[in-house]
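Trainee: I would like to learn how to read a protein model, beginning with the overall chain and ending with a single side chain. Could we go through one together?

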Amino acid sequence: MKLRQLILWSFLAFWILPTVAQGQAWSGIISPSRATDWSRAGVVGGIPSASWTQCGSTIAAGASASTINSAIASCGSNQYVLLGAGTFNLSGAITFNGKNNVALRGSGANSTFIVFSNGVVNSCGGYGGEICLGNGGAQYWGGYSN
């Protein structure tokens, strides 16, 4: 009797477990033709700025946009400007002006807040936005708002 049960359970496990192990989480919920393959998402080798060095000292909350822009302008390649914890109420845009491989970082998702006043939206060479990326000329400007 025990041998029969063992054979029965082995048979069931052989047929059922491989199917469960290979099923997709969204299987049966949406059509495979509409599903997104996230297996290749992300940046190959990780986010490049993760190993960069800090440029200058940490900027304290309450600093102006011009202080942040000066810090960005003084950075070399593969460096970042660090904003301290707190709220930055800015009446001007943050501008990278063609700086390559420079990042602006905060001290954490629930630590650093950047709040732009209403008049800042028309910055970025007239293209709108509060954080401006450009090549320093009129060829390219990209503005990002809040």
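This is a predicted model: local features need pLDDT of at least 70, side-chain atom pairs count only at pLDDT 80 or more; totals for chains, interfaces and linings use all residues.

Mentor: Residues are numbered from 1 along each chain as its sequence is written, and side-chain values use heavy atoms, with hydrogens and water left out.

Trainee: How many helices and strands are in the protein chain?

Mentor: Helices (H or I, at least four residues) and strands (E, at least two) are DSSP runs, numbered from the N terminus. The protein chain has two helices and eight strands, and along the sequence they follow the pattern α-β-α-β-β-β-β-β-β-β.

Trainee: Which strand order does the open sheet of three strands have?

Mentor: Two strands pair if DSSP finds at least two bridges between them. Here the order is 1-2-5, with parallel pairing, and the edge strands, strand 1 (53-54) and strand 5, each pair on one side only. Strand 2 and strand 5 pair over four bridges, and Tyr-80 stands opposite Ala-103 in strand 5.

Trainee: Which residues of helix 2 are buried?

Mentor: Buried means under 20% relative accessible area, exposed over 50%, and partly exposed in between, using a 1.4 Å probe and protein chains only. In helix 2, which spans residues 65-73, the buried ones are Ala-65, Ile-68, Asn-69, Ala-71 and Ile-72. Seen down the helix axis, they fall within an arc of 160 degrees, so they line one face of helix 2; that arc is taken from the directions from the axis to the C-beta atoms.

Trainee: What do the buried residues of helix 2 pack against?

Mentor: Contact means heavy atoms within 4.5 Å, and these residues pack against strand 2 (79-82), strand 3 (86-90), strand 4 (94-95) and strand 5 (102-105). Ile-68, for instance, touches residues including Ile-59, Phe-88 and Leu-104.

Trainee: How many residues does the largest nonpolar core have?

Mentor: A nonpolar core is a set of buried Ala, Val, Leu, Ile, Met, Phe, Trp, Tyr and Cys residues joined through side-chain atoms within 4.5 Å. The largest one has 16 residues, and its largest share, four residues, comes from helix 2.

Trainee: Where does the side chain of Asn-69 reach?

Mentor: A polar contact is a pair of N or O atoms within 3.5 Å; within protein, one must be able to donate a hydrogen and the other to accept it, and residues adjacent in sequence count only if both atoms are side-chain atoms. The side chain of Asn-69 reaches the backbone oxygen of Ala-93 at 3.0 Å and the backbone nitrogen of Thr-95 at 2.7 Å.

Methods: Lists of a residue's contacts leave out its neighbours within four places in sequence.
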